[in-house]
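Reader: I would like to go through this structure with you. Could we begin with how its helices pack?

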Amino acid sequence: MHNPEPVYPFDTIMPESWWVMLNQFLTRVWPVPPALGIDQRIVNGYLYVSPTAITDEAVIEARVPQFLERAGYYYENWDEIYEHWIEKAEDCIRRLRAIEFDPLPEMEPMETVTSRRGTTSAWDLIARYDRLLENMHEMACYHFELHMLGYGALMTFSDFCKNAFPGIPDQTIAKMVGGVDILFFRPDDELRKLARLALELGVDDALVDNEDPQRALSAISDAPNGEQWLDAFEGAKEPWFWFSTGPGYCHQHRAWIDDLTVPFSAIRGYLEKLREGANIDRPLAEILSERERIVNEYSELLPTDNDRDAFRQVLDLARKVYPLVENHNFYVEHWHHSIFWNKVRDLGAVFEAFGYLTDSDDIFFLHRYEVHQALYDMLTGWATTNPARGGHWREEVEVRKQILDKLRSWAPPPALGKPPEAVTEAATVMLWGITTDMVEQWLGAQDGHGEDGPGRGELHGFAASPGVAEGLARVITSVDQLARVRSGEILVCPITAPSWAPVFSRIQGAVSDIGGIMSHAAIISREYGLPAVVGTGFGTKRILDGQRVRVDGNSGVVTVLDT
Amino acid sequence: MTGAVHIRWFQECNASSTREVGGKCASLGDLIGAGLSVPPGFAVTTTAHELFLQSSDVRGREAELLASVDYESLPQVTAASQELRSMVDRAELPPSTAGAVRAAYGELCGEEGADVPVAVRSSAGAEDLAGASFAGQLETYLWVEGADAVLEHVRRCWGGFFTPEALTYRHRQKVDSADELMSVGVQRMVRARSAGVMFTLNPVNGDRSKVVIESTWGLGEPLVAGEVDPDRFVVDKVMLEVLEKSVSEKLIEHRPDLARRRVVVADVEEGRRSAASLSDAEAVELARLGKTIERHYGIPQDVEWAIDADSGSLVVLQARHETVWSRRERRPTVQKKGSALEYVLADLLKR
């Protein structure tokens with residue numbers, strides 16, 4: 001299962017987009033010898049993905065030369081390609097932002113006449129909606145252009161280490177690769193800066209005393225030095241507040257820029273620490289020098305020059321690809337997709353203004369092809385001045401709301417059907433933490449072979465960040481519940497997003513249903529030095545809110561202590 | 001200081017002192033030199049051993065007896081051994097040696113003057129070279145208290161120089177007993193809360209990125225002898241994190257009986273049996289220690305250690321070169337030199 005929430009009809013654009021855009025790279029661009037990409041299926045609204053392996057040795061062999069030539073070209077020119085990739089991504093985002101959806105006017109403006117353009121608001125909406133979808137698919141291409149090769153390189157380094165140093169924890173491997181200059185720490189770094197500045201300018205009280213971000217902002221604007229802080233705040237917002245409170249591929253996860261609750265609560269947290277005299281900076285120099293120590297020590301443990309050479313080569317390649325693997329997330333899922341969802345909302349507002357939808361967000365209950373229909377219905381109504389045409393969309397949305405509610409209350413199994421013989425697709429393993437064993441374990445548990453019911457027993461996942469912590473479980477299934485997390489609790493969640501980072505400064509440990517060693521929960525936990533177990537499959541189902549649990553980030557075991 | 005001929009403090013020993021103080025004491029001196037915490041003590045030197053053999057006339061009798069002994073005949077070797085050992089048992093240490101040992105022991109007891117318990121162990125030059133067979137015959141006496149008792153046990157160690165196995169060993173290896181003398185180490189006893197062994201590689205698969213620790217309650221002897229099922233820790237050598245831990249049921253422990261002034265075998269009380277005899281933090285501290293020793297010698301080590309019940313501090317009792325995996329050819333991860341791309345491809349194909 002890919003995502004713990006049912007997919008809204010409009011949001012199917014995300015999986016459907018990568019169904020093509022991801023797979024084409026694995027099958028038609030550089031034929032990854034043993035893998036035929038990732039297939040998908042939506043069951044009762046929940047998205048399931050399944051990697052397709054090639055088992056015929058001859059077929060695999062035949063794919064090798066093209067893979068070497070094509071993937072080789074990309075690895076060879078990686079830095080240059082990545083630099084160009086950033087330009088393409090930023091340009092794509094610029095064009096996305098330029099797409100505007102304006103309410104249909106009662107009369108076309110005079111300018112339609114004087115400019116002699118010959119086209120109208122109706123045509124604008126048709127063209128812009130097409131451009132919006134096209135822009136989404138374009139970004140999806142960039143998303144997977146480098147991503148899969150990146151994962152391949154990371155997996156190679158990971159496998160080398162596991163072979164040479166049996167039992168080496170995944171988190172140690174990740175530490176050797178991971179840098180400190182990755183973008184998804186940047187928004188959080190901006191919040192630290194804003195907290196420090198608030199203290200310097202003496203506007204900290206306004207932030208600490210006002211939980212409501214709007215009230216805090218107006219209190220700051222009344223303060224003597226408030227203007228300076230507000231300038232810095234505005235500067236940080238673009239683009240760093242285009243940071244989704246979820247993984248980014250669902251419309252309901254709003255970005256910080258749309259909902260300041262999360263960043264402001266984090267700033268308050270940092271201010272409290274600063275007032276206590278604590279250092280809130282990430283120890284960058286230490287992280288880097290520790291990384292080099294680890295690498296050198298492991299290298300010295302290898303028996304031959306060939307091994308040391310191979311270790312360095314695969315490590316260098318892994319590090320070369322790592323910025324893209326991490327940073328694409330900010331460009332694609334956060335920055336681009338957050339804007340994308342807002343643009344869809346803007347179009348929803350056009351429907352709302354014309355009375356075709358009750359609320360702008362209702363547009364997400366329509367599939368993107370239905371939006372084409374609905375749009376044309378509306379334009380027909382507008383053009384013929386007969387708004388009654390196609391008025392059934394509102395009723396349709398009401399029915400779908402009820403269906404989605406039902407689907408939401410269903411507990412979907414983490415895996416379906418017969419497990420694949422081998423999971424060969426790099427991203428499936430590295431990112432989602434799904435291995436053949438894991439799938440079998442999940443299937444076993446749901447078949448009733450697992451002995452532990454809700455609120456009892458042990459859960460197994462990936463040991464993602466070392467250490468052991470005990471505390472009360474706070475089971476959070478969606479981002480709007482984040483505020484419930486108290487200091488010293490253990491966060492139990494389906495999946496985390498980078499924007500949840502501030503909450504990690506409060507918790508003692510983390511458990512996620514989905515995620516591999518390169519998942520956000522894993523990386524952030526390591527950053528904050530918190531024990532974490534990711535990819536447990538059932539954490540949010542098995543652990544009850546408020547139960548005492550032990551998270552063992554060394555062994556990957558979560559134990560429910562209350563029975 | 002005249003005593004220097006007869007005894008030498010551990011901190012004055014190092015690898016080049018092996019001939020004078022034997023492998024075990026030389027290695028302890030070396031560990032102290034490397035900054036490690038080793039219980040204090042001194043070696044009764046091989047020179048003192050030679051003096052003893054001469055002053056007690058054992059040397060002369062040894063030459064006569066062994067010239068005619070048929071080494072193929074176990075009864076003959078045993079008879080020679082018994083005669084030589086009983087001579088050793090009856091002999092007194094030369095006054096100069098005895099005086100030096102008493103003085104050194106007095107110094108070990110410190111200002112309070114109370115007799116401290118010591119371990120008295122033979123330390124032979126051949127021990128670490130020849131490995132197994134001879135090393136196994138060396139004597140160890142624990143919890144020896146008082147200068148008289150120390151002298152008595154030094155002599156007992158020297159008796160071990162003439163076991164049938166030792167005689168046969170020297171004959172087979174064609175070494176002259178004058179070149180293979182036995183030093184005796186006198187070391188302050190640690191009242192161990194926990195003790196055990198540590199390998200600076202994984203003895204299961206030879207993986208050098210791990211430190212494997214076995215630990216039990218009390219002194220380490222029952223663990224070495226296989227009388228208890230120890231707790232086992234696998235620590236990552238680079239990250240210094242506990243990766244695996246299995247805690248076993250430890251039914252007995254060796255601990256000093258202070259009233260009877262000796263080490264006794266005691267039942268471990270119920271509550272402590274299944275408790276870990278080592279904390280994770282201690283396991284990490286030990287691994288750090290193992291790493292330091294391994295770096296010092298440049299070869300994986302097999303270390304005996306203990307945790308002092310009074311101070312809670314870790315001490316090294318002995319360190320030897322690991323002999324099984326260190327002698328094998330190591331399995332490389334890649335068979336031939338390649339490019340990063342070739343490694344990526346190989347990895348994809350392997351899955």
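This is a predicted model: local features need pLDDT of at least 70, side-chain atom pairs count only at pLDDT 80 or more; totals for chains, interfaces and linings use all residues.

Reader: Which residues make the contact?

Author: Helix 4 of chain B contributes B:Val77, B:Thr78, B:Ala80 and B:Ser81, while helix 9 of chain B contributes B:Pro164, B:Leu167 and B:Thr168. By class, this contact of helix 4 with helix 9 of chain B has 4 nonpolar, 3 polar and no charged residues.

Reader: Turning to the largest nonpolar core, which members touch the most others?

Author: Those are A:Phe157, A:Val314, A:Ala318 and A:Val321, in a core of 157 residues. Helix 13 (residues 305–354) of chain A gives the largest share of this core, 20 residues. Another core, of 81 residues, lies apart from it and includes B:Val77 and B:Met182.

Reader: What does A:Val314 touch, leaving aside residues up to four places away in sequence?

Author: A:Val314 touches A:Thr156, A:Phe157 and A:Phe160, as well as B:Ala340 and B:Tyr343.

Reader: How many residues of each chain are in contact with the other?

Author: The contact involves 42 residues of chain A and 28 residues of chain B. On the chain A side, helices 2, 5, 12 and 13 each give two or more residues. That side divides into 26 nonpolar, 11 polar and 5 charged residues.

Methods:
Residues are numbered from 1 along each chain as its sequence is written. Chains are lettered from A and ligands numbered from 1 in the order in which they are written. A nonpolar core is a set of buried Ala, Val, Leu, Ile, Met, Phe, Trp, Tyr and Cys residues joined through C-beta atoms within 7 Å. A residue is buried if 20 or more other C-beta atoms lie within 10 Å of its own, exposed if 12 or fewer, and partly exposed in between; C-beta atoms are placed from the backbone. Helices (H or I, at least four residues) and strands (E, at least two) are DSSP runs, numbered from the N terminus. Two residues are in contact if their C-beta atoms, placed from the backbone, lie within 7 Å. Ala, Val, Leu, Ile, Met, Phe, Trp, Tyr, Cys and Pro count as nonpolar, Asp, Glu, Lys and Arg as charged, and the others, Gly among them, as polar.
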